[in-house]
Amino acid sequence: MDRMFLRAGAATFGALIASAALAAPAQPASFTQAQADAGKAPYAQYCAECHHLTLRGTGHGSELAGPNFITKWGRRSTGDLVGYVSRLMPAGAPGSLSMPEYLAITAYVLAANGGAPGEKDLRV
């Protein structure tokens, strides 16, 4: 009976570890500080009208920094974020920026949310 309990306990523990791994946030994206800095100007030009210069959102655009943004995007991949932004933004002209601009803006947003820059640029 003790062995059966141990096997059941081990199976339950294994299932908990597997589910925790699936629920873990996506690996942090690599972006450079220079890339994040390069995203500030296009963010101001194309995004701030709806999302505000502080990234805190407006009545026309959601927050891009802080707990609400992290709750929405924290468990999704950076590729998901880049894909979403490049397909649907800016409002009124989706897909109109170059991929380097989308990547720089995304790096800027990641940095604003506490992402640590690395040695490699963000890529798709």
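In what follows, a residue is called buried under 20% relative accessible area and exposed over 50%, and partly exposed in between. The model is a predicted one. By that scale R76, at 40% relative accessibility, counts as partly exposed, and this residue returns below as one partner of a salt bridge with D80.

**Overall architecture**

- The secondary structure of the protein chain consists of six helices and zero strands, so that, by the DSSP runs used here, the order of elements from the N terminus on reads α-α-α-α-α-α.
- Of the 124 residues in the protein chain, 31% are buried.
- The accessible surface of the protein chain is about 8,200 Å², and carbon and sulfur atoms account for 61% of that area.
- When contacts in the protein chain between residues at least 6 apart in sequence are considered, 57% of them join residues at least 24 apart.

**Helix α5 and what covers it**

- Helix α5 spans residues 78-88, and its buried residues are T78, L81, V82, G83, V85 and S86.
- The cover over the buried residues of α5 includes α4, residues 67-73, and α6, residues 99-112.

**Nonpolar cores**

- The largest nonpolar core holds 15 residues, among which Y43, L55, L64, F69, L81, I105 and V109 touch the most other members.
- Two or more residues of this core come from each of α4, α5 and α6, and α6 gives the most, with four residues.
- A second, separate core has eight residues, including A29, F31, A107 and L122.

**Aromatic pairs**

- A search of the whole structure for aromatic pairs finds two.
- One of them is formed by Y43 and Y108, whose rings lie 5.4 Å apart centre to centre with 45 degrees between the planes, an arrangement that counts as tilted.
- Because Y43 lies in helix α2 (residues 33-46) and Y108 in helix α6, this pair ties together parts that are 65 residues apart in sequence.
- Both partners count as buried, Y43 at 0% relative accessibility and Y108 at 16%.

- Q35 lies in helix α2 and is buried, with a relative accessible area of 10%.
- With residues up to four places away in sequence not counted, Q35 touches L103, A104, A107, D121 and L122; of these, A107 and L122 are included in the second core.

**Backbone features in the loops**

- Most residues other than glycine have a negative phi, and most peptide bonds are trans.
- Against that background, M89 and P90 are joined by a cis peptide bond, with omega at about -5 degrees, and P90 is found in the loop between α5 and α6.
- H52 has a positive phi, near 75 degrees, although this residue is not glycine; its place is in the loop between α3 (48-51) and α4, where H52 counts as partly exposed at 36% relative accessibility.
- L55, found in the loop between α3 and α4, also has a positive phi, near 65 degrees, in a residue other than glycine.

**The segment after α6**

- G114 is found in the segment after α6 and counts as exposed, at 62% relative accessibility.
- Although G114 and A65 are 49 residues apart in sequence, their C-alpha atoms are 9.0 Å apart in space.

Key:
Residues are numbered from 1 along each chain as its sequence is written. This is a predicted model: local features need pLDDT of at least 70, side-chain atom pairs count only at pLDDT 80 or more; totals for chains, interfaces and linings use all residues. Side-chain values use heavy atoms; hydrogens and water are left out. Buried means under 20% relative accessible area, exposed over 50%, partly exposed in between (1.4 Å probe, protein chains only). Contact means heavy atoms within 4.5 Å. Accessible areas come from the Shrake-Rupley method with a 1.4 Å probe; for residues, only the protein chains shown count as cover. A salt bridge is a side-chain nitrogen of Lys or Arg within 4 Å of a carboxyl oxygen of Asp or Glu. Rings of Phe, Tyr and Trp (its six-membered ring) pair if their centres lie within 6.5 Å; planes under 30 degrees apart count as stacked, over 60 as edge-to-face and the rest as tilted. A nonpolar core is a set of buried Ala, Val, Leu, Ile, Met, Phe, Trp, Tyr and Cys residues joined through side-chain atoms within 4.5 Å.
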